[in-house]
Amino acid sequence: MQITMWQTFYIKPNEIGILYHRSDFKKILQPGTYTYFGRHWQVKTYDLNQPEAQIENLELLLRNHADELQKHLLIVRTAFNQTALVHWGRNWLIITPNQLRAFWRGFIEVESHLFNLEESLELPSSFVQQLRSVALTGIKKFQISEYEIGLLYLQNNFVQPLEPGEYAFWSVAQDVTVRTLSRIVPNPDFPLEDVLIEKHPNFVDAYCEVVQLQSHQVAIVRYRGKVISILPPTSRKLFWQGVEVEVVDISTNAKLPFPLVAELVEGAADVKLLSRNCLHICQVPAQHVGLLYINQEFQAQLQPGVNAWWLFGRSFQTEAIDLRLQNMEISGQDILSKDKVPLRLNLTAGFRIQDPLKAKNGLSDISGFLYKELQFALRGAVGERTLDALLEDKGAIDRSISEYIRQKAAEYGIEVDSVGVKDIILPGEIKAILSKVVEAEKAAQANVVRRREETAATRSMLNTAKVMEDNPVALRLKELEVLERIAEKIDRIQVNGSLDNILTDLIRMNPQ
């Protein structure tokens with residue numbers, strides 16, 4: 001039996017082989033046919049369409065055969081602080097730290113790029129453009145718009161600002177985040193403002209305006225002439241550069257001057273919303289006066305108009321007092337007269353406040369005080385008089401109440417202008433009795449008038465008779481008047497004889 005001691009190996013055109021003898025590396029075989037004498041030869045082939053070489057014991061082979069291997073392999077080795085990008089065709093591969101990888105040369109063009117993570121986590125712009133549409137684990141990409149600023153954070157610690165553009169950062173060793181802030185908004189919500197101010201002064205000086213206030217200061221921040229923020233005492237705030245900051249000292253005078261009142265209180269709706277929790281506002285109408293109390297103490301009287309004060313560190317109370325003539329109605333007061341007749345009265349009073357400070361300091365409720373005192377005065381005036389006296393002279397009630405209330409009101413700086421009883425309402429039975437009394441009185445008065453008229457008529461007739469008795473012409477004229485009255489009621493009159501005969505026949509005087 002003949003034993004063949006030759007071994008033949010065929011390497012395809014798209015392959016490459018590694019020749020081993022008794023597991024010892026000998027050489028790398030290019031595509032073709034190879035024959036070796038002996039039984040302990042081995043060839044391991046690799047498909048060159050897969051650029052990465054998955055070679056066992058690569059580290060050991062490189063120690064002993066580095067020159068031979070590097071002729072055919074691209075060796076990529078990364079340290080603990082390094083990463084690498086391997087590129088072939090349209091493919092990209094990331095090599096993380098502490099890795100040893102190998103790629104076949106020649107069949108497919110392979111490139112590798114090594115990066116030191118301690119020097120920078122940012123990839124150069126040339127790689128950013130190439131990787132724009134490639135998703136790779138271990139690289140984070142960010143787009144900063146032209147109206148934004150990016151803040152780069154590593155492990156939640158701020159590193160640097162990012163101007164508008166495209167960025168890519170290695171994220172294999174630590175967490176990388178970018179927070180974008182709008183440059184259009186002059187007061188964005190800066191993350192951890194105090195940390196930025198204290199730990200990163202270079203960034204703050206280059207991009208920001210810092211407002212830091214003491215306990216007696218208030219700041220008004222404007223952007224392009226419009227108020228965008230009002231800062232209370234002891235506050236600290238970051239803004240983009242370009243804002244205008246007005247610091248107001250409120251230690252001695254907390255009142256706002258008129259221009260600020262017009263801007264903060266009577267200006268745009270969003271500005272008024274900003275100042276709502278910062279100001280105490282008092283609007284005093286015309287014909288009124290305002291009273292100002294600071295920390296429970298009276299400070300000043302306020303003229304008509306809008307007044308405002310900074311709230312911080314003080315308590316304010318203001319009240320507008322009406323100086324015009326005011327009316328008060330005391331309605332439906334049930335009172336017994338002196339002769340025990342129940343009456344219901346309605347009273348009206350006009351008053352004005354002459355000394356607002358005296359009235360406010362002396363009375364907690366001005367209207368309540370006047371109402372109560374008018375009630376007392378009305379009850380006293382009605383209870384001291386009988387029904388007949390009340391009905392005969394209602395003005396007496398007014399005078400009595402007026403005298404009483406004017407003295408009481410004057411003690412508190414209030415002037416009572418007028419007092420008057422509007423109505424005295426009697427019970428139904430009393431009304432009926434009074435109606436009968438009035439009816440009887442009027443009937444008696446009518447009878448007296450009738451008798452007086454009859455007496456006057458009789459006296460006139462007697463006087464007329466005396467005149468006619470002494471004057472025949474007058475008698476004749478009277479006869480003609482009677483004839484005329486009779487003729488008015490007769491349609492047709494026939495006359496026989498003279499007028500003298502007619503009168504004689506019609507009127508005959510028969511002596512008694």
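1. Proline 257 is partly exposed in this predicted model. Proline 257 sits in the loop that runs between strand S20 (244-249) and helix H5 (258-264).

2. Asparagine 307 lies 50 residues from proline 257 along the chain.

3. Two cysteines may be taken together. Cysteine 208 has a relative accessible area of 6% and is buried. Cysteine 278 is also buried, with a value of 7%. Both labels apply because buried means under 20% relative accessible area.

4. How many disulfides does the model contain? The count is 0. A disulfide is a covalent bond joining the sulfur atoms of two cysteines. The count rests on a distance cut-off, because a pair of cysteine sulfur atoms has to be within 2.5 Å to be listed as a disulfide.

5. Empty space inside the model is the next topic. Rolling a probe the size of a water molecule over the atoms shows where such space is left. The model has 1 cavity of 30 Å³ or more. The volume of the largest cavity is about 40 Å³.

6. Which residues line the largest cavity? They are Met328, Ala349, Phe351, Leu370, Leu374, Ile405 and Val416. Strand S27 (342-353) and helix H8 (366-383) are the elements that each supply two or more residues to this lining.

7. By residue class, the lining of the largest cavity has 7 nonpolar residues, with no polar and no charged ones.

Conventions. Residues numbered from 1 in each chain as written. Predicted model: local features only at pLDDT ≥ 70, side-chain atom pairs only at ≥ 80, totals over all residues. Heavy atoms only, no water. 1 Å grid on protein atoms, 1.4 Å probe; cavity = no way out; pocket = protein on both sides within 12 Å on 5 of 7 lines; lining within 4 Å. Points joined across faces, edges and corners; volume = space filled by probe spheres on them. Helix = DSSP H or I, 4+ residues; strand = E, 2+ residues; numbered from the N terminus. Nonpolar A, V, L, I, M, F, W, Y, C, P; charged D, E, K, R; others polar. Buried < 20%, exposed > 50% of the residue type's maximum accessible area, 1.4 Å probe, protein only.
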